[in-house]
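These notebook entries record what I looked up in one structure. I worked from the chain as a whole towards single residues.

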Amino acid sequence: MTTPNICILIAIIAYLLLVVGIGIYFANRNKSVSDFYLGGRKLGPLVTAMSAEASDMSSWLLMGLPGVAYATGIADAAWTAIGLAVGTYVNWLIVAKRLRKYSEIAGNATTVPEFFSNRFHDKRHILSAIAALVIIVFFVPYTASGFSACGKLFASLFDVDYHTAMIISAIVIVLYTAIGGFLAASTSDFMQSIVMTIALVVILGFGTITAGGVDSVIDNAKSLPGYFDLTHVFSDGKAADYGALTIFSTLAWGLGYFGMPHILLRFMAIENSKKLKMSRRIATVWVVISLAVAVIIGVIGNCMSANGSLIKLKDSETIIVEISKLISSHGIAAALIAGVILAGILAATMSTADSQLLAASSSASKDILTDFFGLKISEKTSMIFARITVVVISIISVVIAWDPDSSVFQIVSFAWAGFGAAFGPVVLFALFWKRSNKAGALAGMLSGGIMVFTWKFLVRPLGGAFDIYELLPAFIVACIFMVVVSLLTEKPDPEIIKEFETAKKACNE
C-alpha cells in the first residue's frame with residue numbers, strides 16, 4: 001500500500017472509531033425504547049437541523065448528484081437540487097412545529113406509524129402496521145444503497161474486494177446505531193454534516209484550480225451540446241430535450257420531504273419547538289449551498305477529464321473519490337485531507353443509513369410486534385429486540401447491495417418516491433385537515449405506495465409523456481384517494497376533532 005493510501009486509511013479509521021465512540025457514549029442514556037427511537041425529545045436546534053439534513057442527503061450528495069452532473073450536464077442535477085431545496089424549506093416551515101406538537105398530543109407518539117394510528121384513533125393499529133411495512137419495503141433497499149456506496153468507495157480506493165469492504169462498513173454502522181440509538185445517530189449525523197461540508201469545499205477549490213479555473217470549466221461545459229443548459233441534457237455526444245414536463249416531475253423530488261420518516265422523526269424529537277425557526281434557517285442554508293456545490297463539482301470533474309488531469313470515469317458516481325486520489329498525491333498532509341474528504345462520503349452514507357436502520361427497526365419491533373400483534377414484553381426485552389432488529393435488517397440490506405453495479409442514485413430515487421407518495425399526503429392531511437379519517441389515511445397510503453410501483457415498472461417504460469418521475473403521479477393519486485375516501489366515509493369522532501383543535505392552538509402559541 002502506498003504512503004498516500006496509508007494516510008487516507010488512517011484518517012478514515014480515526015473517523016470510524018469516533019462514530020463508534022459516540023455510540024458507546026450514548027449507550028447508557030437509553031433508559032427506554034422511547035429514548036432509543038426518539039432520544040426523549042431532547043434534541044437542540046442545531047443538532048435537529050444538521051442531523052435532519054445529513055440523514056436526508058445520504059451518499060448521493062457526494063456520489064449520485066455529482067455523478068449525474070458529470071455525465072449529463074446541469075439540467076437533471078440542477079432541477080433535482082432546486083426541488084429538494086424548496087421541499088426542505090417548506091417542510092420545515094409548515095410541518096415541523098405542527099408535527100412536534102401533534103405527535104405529543106396524540107398519545108406521545110414516538111414513531112411516524114404510531115402517530116398515524118394515534119392521530120386517527122386506530123385502536124387495532126392497522127395504520128401503524130401498514131405504515132411500518134411501507135418503511136421496511138422502501139428503507140431496506142435505501143439502506144442497501146448506502147452500504148453499496150461504502151463498498152464502492154473502499155474498492156476504488158484500496159483495490160479491495162467490494163463485498164468485504166461493504167460488510168465491514170455495514171458492521172461499523174450497525175455497531176454504533178444498535179448501541180447508541182437515536183441520540184447517537186443524531187449526534188453522529190451532526191458531526192457528519194460538518195465532515196461532508198469540509199469535503200465539498202475542499203473538492204470544489206482543488207477541482208477548480210486543477211481544471212484550469214472557472215473560465216475553463218465554463219468553456220468546457222459550453223462546448224458540449226446541451227451540457228450547460230437547463231432545458232437539455234448531454235447524451236451520446238448530442239443535446240437531448242429536457243422539456244417542461246420532465247422539469248416539473250423532477251421538481252417533484254421536493255414532495256418527498258413530507259413523507260420521509262427519518263426527517264419527520266427529527267421534528268418530533270426537538271426539545272423546544274420555539275427554536276424550530278432557527279433550525280429551519282440553518283437547515284435551508286446548508287442544503288442550498290451543499291446541493292449547489294455538489295452539482296458544480298460534477299461540471300468541474302467533466303472539465304478535469306477533458307483536460308487530462310482526471311481519467312475518463314466509467315462510473316461517474318466515483319468522481320469525488322477520483323479527485324480525492326489526485327489530492328492525496330501531493331504529500332502526506334494532502335493525503336490526510338483526502339482521507340477526511342473520503343470520510344465525508346462515509347459520513348454522507350452513514351448519516352442516512354443509521355437513521356434508516358432505526359426507522360425500519362422501530363417499524364418491525366414496536367409498530368408491528370408490540371402495537372399490532374400486542375406482544376407484552378418488558379422494557380429491557382424491548383431494547384434487546386430493537387437492537388436485534390437493527391442487525392437483521394442490516395443483513396437483508398447487505399444481501400440486496402451484493403451487486404457492485406447497482407446505482408446509488410436510482411435506488412435512492414425509487415425509495416424517495418415511495419415514502420413521498422405513501423406518507424406525504426397522509427402527513428399533510430393528518431396535520432391540516434380535520435375532516436380526514438382513518439379510512440382516508442389507509443386509502444391514501446396504499447394507493448400512493450402501489451402507484452409508485454405501477455408507474456415505475458408499467459407506465460413510465462411507455463416513454464413520451466409518461467416518462468416522468470413516479471413520485472409526482474403517485475403523490476397526486478394518494479391525495480385524491482385520501483380526500484375522496486375521507487368524504488365518503490364517516491366523520492371523525494368529537495374526541496379526534498378536539499385533539500386536532502388542541503394541536504392547532506398549540507402551534508399558534
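The entries below go from overall composition to cores, helices, aromatic pairs and backbone angles.

**Entry 1. The chain as a whole**

I noted at the outset that this is a predicted model. I then looked up the secondary structure and found 19 helices and 2 strands in the chain. Of the 509 residues, 61% count as buried.

**Entry 2. The nonpolar cores**

Which residues touch the most other members of the largest nonpolar core? I found that this core has 121 residues, and that Val95, Phe115, Phe116, Trp416, Phe423 and Met445 are the ones with the most contacts to other members. Helix H16, residues 408-432, gives the most to this core, with 15 residues. Another core lies apart from it, made of 8 residues that include Phe147, Tyr162, Met166 and Ile173.

I then took Met445 and listed its contacts, leaving out residues up to four places away in sequence. Met445 touches Phe116, Leu127, Ile130, Ala131, Val134, Ala422, Phe423 and Val426. Two of these partners, Phe116 and Phe423, are themselves named with Met445 among the residues that touch the most other core members.

I checked the length of helix H12, residues 276-306. At 1.5 Å a residue, its 31 residues should span 45 Å, and the end C-alpha atoms are 45 Å apart, so the two values agree. Just after H12, Gly308 takes a positive phi of about 90 degrees.

Next I asked which residues of helix H9, residues 214-223, are buried. They include Val217, Asn220 and Ala221. Seen down the axis of H9, the buried residues fall within an arc of 100 degrees, and therefore line one face of the helix. On the other side of H9, I found Asp215, Asp219, Lys222 and Ser223 exposed. As background I noted that an α-helix has 3.6 residues a turn, so residues three or four places apart point the same way.

**Entry 3. Aromatic pairs**

I counted 18 aromatic pairs. Trp253 and Tyr469 form a stacked pair, 5.2 Å centre to centre with 25 degrees between the planes. The two residues of this pair are 216 residues apart and link distant parts of the chain. Trp253 is in the loop between helix H10 (244-251) and helix H11 (261-269), and Tyr469 is in the loop between helix H17 (438-459) and helix H18 (471-488). Trp253 is buried, with a relative accessible area of 4%. Tyr469 is also buried, with a relative accessible area of 4%.

I then looked up Phe414 and Phe457, which form an edge-to-face pair, 5.6 Å centre to centre with 65 degrees between the planes. This pair joins helix H16, which holds Phe414, to helix H17, which holds Phe457, across 43 residues.

**Entry 4. The surroundings of Phe414**

I returned to Phe414 and listed its contacts, leaving aside neighbours within four places in sequence. Phe414 is in contact with Phe138, Val452, Phe453, Lys456, Phe457 and Glu470. I also looked up Leu471, which is 57 residues from Phe414 in sequence and 8.3 Å from it in space, C-alpha to C-alpha.

Where do His121 and Asp236 lie? His121 is in the loop between helix H6 (112-119) and helix H7 (126-158). Its phi is positive, about 50 degrees, although His121 is not a glycine. At 22% relative accessibility, His121 counts as partly exposed.

Asp236 sits in the loop between strand S1 (232-235) and strand S2 (238-241). I found its phi near 55 degrees, a positive value in a residue other than glycine. Asp236 is exposed, with a relative accessible area of 77%.

Terms used
Residues numbered from 1 in each chain as written. Predicted model: local features only at pLDDT ≥ 70, side-chain atom pairs only at ≥ 80, totals over all residues. Heavy atoms only, no water. Core = buried A, V, L, I, M, F, W, Y, C linked by side-chain atoms within 4.5 Å. Buried < 20%, exposed > 50% of the residue type's maximum accessible area, 1.4 Å probe, protein only. Helix = DSSP H or I, 4+ residues; strand = E, 2+ residues; numbered from the N terminus. Contact = heavy atoms within 4.5 Å. Expected span 1.5 Å × (residues − 1). Arc of directions from axis to C-beta. Phe/Tyr/Trp six-rings, centres within 6.5 Å; stacked < 30°, edge-to-face > 60°.
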